[in-house]
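Hi everyone, thanks for coming. Let me put a structure on the screen, and then we can walk through it together.

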Amino acid sequence: MYAYDQFDHAMVASRNAEFRDQVERRMKGELSEDEFKPLRLMNGLYLQLHAYMLRAAIPYGTLSADQMRRLAHIARKYDKGYAHFTTRQNVQFNWPKLSDTPDILDELAEVEMHAIQTSGNCIRNVTTDQFAGATADEVADPRPYAELLRQWSTFHPEFSFLPRKFKIAITGADQDRAAVKWHDIGLVLKRNEAGEVGFEVSVGGGMGRTPVIGKVIRDFLPEKDLLSYSEAILRVYNENGRRDNKYKARIKILVEAMGADEYARQTEAEWERIKDAPIDVPEEETARIKSFFAPPPLEVLEASVPAVDEFAKKHFIFASWLKNNTNQHKVPGYVNVTISLKPHGGIAGDATDEQMELVAALADAYSQSEIRVSHEQNLILPHVPVKDLPTIWTDLDEAGLGTANVGLLTDMIVCPGLDYCALANARSIPIGQAITNRFDDIKRLENIGPLKIKMSGCINACGHHHAGHIGILGVDKKGEESYQILLGGSGAEDASKGTILGRGFDEHGIVDAVEKVVAVYLGEREEGEEFLAMYRRVGPQIFKEALYGAA
Amino acid sequence: MAKKITGPQMIIANGLDDGRVVFFTRSGGWSPNTEDAAYAEDDAVESLLERAQVFVANNTVVDLQAIGATIEDGKAFPAHIKHAMQAKGPSVRLDLGYQTSLEWEQA
């Protein structure tokens, strides 16, 4: 993992001291709310429906065991004993007091964490593949590049007041687990014919009220040029993006208006002008950053462990967990374990302080003290020896973390919705709970197969409903909560935008609607055909008929 | 632009330090309990707002606004679901909201 140097420590400490002073002045009335609000937002502090909410960054979703322990401590000492992991691989505390936030930020700084640029019209936390550096299907580890982008974008003076927020995602794997095409900039690591590493670069992806899939503007960007090319993209956006209308201010609107070819032309022209300026870092610095992400020294082990197979025969949930919640590691005899934060009937993405402590302890014991957060709101233990899986699952299961549903229907993305969020129009969490309770049968889930349901409580789409195989969008229909259903979205390498099927349902009707959609799929699928493939083959009509009757 | 509210209104805000939701009361203070909330209609809303605004100026509350209310047995309840949620706390963590405890001291 990356370790702060003296500059990182000094920058965060100085920002925290500044914010402590701002909070004190606010409490004394020396700053009005109008003056204070932009300052608190720059430090990740929102005022939500019931309380303040502090969003801390988890750079590219990578945490150490000590950092996780600190999050647990903060949840216990300053909050109500739990935290929420988000679709941007960040963590949110729902109940901090304003006067406690400077202390919380100091506690985070002690473990090299902060909340800088987790809000506001700036470059946000760079997200990536939760299996980065540990998966078998990877060209290169994307995290050193994400770290380079983090350092370049933190307090970047030119990009601190962009027209709107800006999100970058990067993956190094064939399978896109970071939804890169749905980001303002999406980077896919690849090798050219000469075997050199570089990036396919797309721009203008985004969800929200205007969902757009990013357009590729460069097939291969040499890795050494990442920062100067990113600077050129941002500069074109910063100069031309709309500032007159918040809803038209994201880069996706500019790219659509300008055309991807013209956006590429302007970016290339700007890049030509600046690429020899001292923006990109020297090779030694890239090598230094890469050294923090060197693969752990893992001794090759037997991939097949009879004791594990025996345990699986005795515990059918473990057998399912083994199949669904583990991902092949690049070193034989190891896997990456996904800990589902989607217990059936539970709150997606929430973890208690005790659960966080357990995950930290397991990371110390079995995963090189490393933890990852996925954009699908789960936690990952990378580099885990296969032989240790029965012990790990038993410990997780006792703590309510043993659900074997990763990649299946109940592994839903669910935003906080109207239970917490000031922007929401409808509740999301109770719908997630009702759906996961309705499908609380692992054998049934496995028969249905891979199926991603993603749910948002408003049009801002934090719950990625546009990218769900089944998407659910909560809306306000004359003061009542109503839920629309979308089909056919994807956040993977075959990114696609879901289509709204028809009128919305109430909170009970939407659960029935999901069950009817699944029934249509089960009735019509061909041998081995997954939900999304089947939908793409047959289209929406038969689903519409099942939900609304023949027209 | 926000829709103009018609009919009875009540005043909602968040505590400056803890962010907790409070309603301006008939006795001129703040309470998490809607049953204590003052309400008014038409021109009287302005004077209710003026009285409540004092507490913004003295740093007791933040994010103050007049919201639509429904009146039952002479008591005001938030009309919109968003404000009703604010009055109750999260519907999914009944252990955390105001449902279980109204011990919060009244200003």
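This is a predicted model: local features need pLDDT of at least 70, side-chain atom pairs count only at pLDDT 80 or more; totals for chains, interfaces and linings use all residues.

Residues are numbered from 1 along each chain as its sequence is written, chains are lettered from A and ligands numbered from 1 in the order in which they are written, and side-chain values use heavy atoms, leaving out hydrogens and water.

So, the interface. Chain A brings 32 residues into contact with 23 residues of chain B, contact being heavy atoms within 4.5 Å. Together the chains bury about 2,200 Å², with 59% of that on carbon and sulfur atoms; buried area is the accessible area (1.4 Å probe) that two parts lose on being put together, summed over both. On the chain A side, A:Leu47, A:Leu49 and A:His50 lose the most area to chain B, together 24% of what that side buries.

What is the make-up of that side by class? It has 17 nonpolar, six polar and nine charged residues. Here Ala, Val, Leu, Ile, Met, Phe, Trp, Tyr, Cys and Pro count as nonpolar, Asp, Glu, Lys and Arg as charged, and the others, Gly among them, as polar.

Now the second largest pocket. On a 1 Å grid over the protein atoms alone, a pocket is an open set of points where a 1.4 Å probe fits, with protein on both sides within 12 Å along at least five of seven lines, and lining residues have an atom within 4 Å of a point. The lining has 35 residues, and A:Gln175, A:Glu376, A:Gly407, A:Pro450 and A:Lys452 lie nearest the centre. By class, that lining has nine nonpolar, 14 polar and twelve charged residues.
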